[in-house]
Amino acid sequence: MDELQFRRQAYGEPNSQDAEFLQALQANPDREAFLKELKQLDGKLDLALKVDIPDGMADKLLLRQQLQHHQQQKRKTGFMMALVASVAFVVGISFSLLRIAPVDLGEHALAHVHHEAVALVVDQHVGVQQINAELAAFKTLGGAKFSAQPGKVYYLSYCDFQGVQSLHLVMQGAENKVTAFLVPQEDRMLLEASFADKEYQGMGFQRGGSYILLVGERQADLDYVKAEITQTFI
């Protein structure tokens with residue numbers, strides 16, 4: 001075993017009992033002194049590592065970890081609360097603006113018909129009693145109701161006209177179906193006698209404390225349904 005091999009093994013295993021290592025050690029007195037120094041250093045390191053853990057140290061470390069975790073969670077919670085508050089503020093402001101912004105009833109009615117196209121293909125066989133029961137929930141209408149069945153009614157539901165609860169009907173016109181919206185009157189409502197887009201025609205009029213909007217494919221159907229409503233809605 002040469003000097004380099006001896007020193008590598010001495011550094012790695014100063015207490016090695018390998019025969020070749022021991023033979024190389026005995027062959028040179030300087031190697032014995034070198035190995036002795038390494039063993040003394042090794043012993044000092046062992047001594048330094050054998051430090052008694054103070055009483056309660058484990059509990060203190062655990063408590064510290066828990067406090068750090070709590071602080072992190074507290075910061076996250078604070079951030080989330082601030083974010084929620086900000087969102088709530090923006091929603092509140094948006095809703096307030098929504099409640100005071102002018103409402104183009106014709107434009108809103110057309111958009112509603114396009115959005116709820118399924119209402120034009122169902123038949124719920126809606127009777128006048130059912131319609132009046134829904135109207136009774138509208139406190140601002142002052143008890144307005146239908147005095148008789150306003151022709152064939154296929155569909156009945158509530159809808160929202162920018163924060164105003166309204167009634168959505170699908171009725172039979174002269175030939176085709178007509179969508180009717182009964183919207184409680186508010187000052188911010190903008191009612192036009194007629195309106196249209198590329199697919200539908202519409203008309204608006206007032207009756208029984210409501211703005212009534214009719215949307216259909218032909219003017220004849222709108223006139224037919226308007227006559228039905230005018231005769232029965234009081």
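Me: Why is Phe138 called buried in this predicted model?

Reply: The relative accessibility of Phe138 is 6%, and the term buried applies under 20%, so Phe138 counts as buried.

Me: What makes Tyr158 partly exposed?

Reply: Tyr158 has a relative accessible area of 32%; since buried means under 20% and exposed means over 50%, this value falls in between, and Tyr158 is therefore partly exposed.

Me: Why is the pair of Phe138 and Tyr158 called tilted?

Reply: The structure holds three aromatic pairs, and in the one formed by Phe138 and Tyr158 the ring centres are 5.7 Å apart, with the planes at 50°. Because Phe138 belongs to the loop between H6 and E2 while Tyr158 belongs to strand E2, the pair ties together parts that are 20 residues apart in sequence.

Me: How do you know that Lys177 lies over the face of Tyr154?

Reply: Lys177 is at 4.3 Å from the ring centre of Tyr154, and the criterion asks for a distance within 6 Å together with a direction within 35 degrees of the ring normal. Lys226 likewise lies over the face of Phe205, at 5.1 Å from the ring centre.

Me: Why does Val178 count as buried, and what is Val178 in contact with?

Reply: Val178, which is found in strand E4 (residues 177-184), has 0% relative accessibility; this is under the 20% cut-off, so Val178 counts as buried. With neighbours within four places in sequence left aside, the contacts of Val178 include Leu169, Val170 and Met171, as well as Leu214, Val215 and Leu222.

Me: What makes E2 and E6 the edges of the sheet?

Reply: The open sheet has six strands in the order E2-E3-E4-E8-E7-E6, with antiparallel pairing. Strand E2 (153-161) and strand E6 (194-196) each have a single partner strand, so one side of each is left without a neighbour in the sheet. On average, neighbouring strands of this sheet are turned by 25° against each other, direction ignored.

Me: How do you know that E4 pairs with E8?

Reply: Two strands pair if at least two bridges are found between them, and E4 and strand E8 (residues 210-216) are joined over six bridges in the antiparallel sense. In one of the residue pairings, Leu182 has Ile212 in E8 as its bridge partner.

Helix H7 (residues 219-232) packs on the sheet, where it touches E3, E4, strand E7 (201-207) and E8, and its direction makes about 15° with that of E7.

Key:
Residues are numbered from 1 along each chain as its sequence is written. This is a predicted model: local features need pLDDT of at least 70, side-chain atom pairs count only at pLDDT 80 or more; totals for chains, interfaces and linings use all residues. Side-chain values use heavy atoms; hydrogens and water are left out. Helices (H or I, at least four residues) and strands (E, at least two) are DSSP runs, numbered from the N terminus. Buried means under 20% relative accessible area, exposed over 50%, partly exposed in between (1.4 Å probe, protein chains only). Contact means heavy atoms within 4.5 Å. Axes are lines fitted to C-alpha atoms, for helices over the stretch in contact, and angles run from 0 to 180 degrees between N-to-C directions. Rings of Phe, Tyr and Trp (its six-membered ring) pair if their centres lie within 6.5 Å; planes under 30 degrees apart count as stacked, over 60 as edge-to-face and the rest as tilted.
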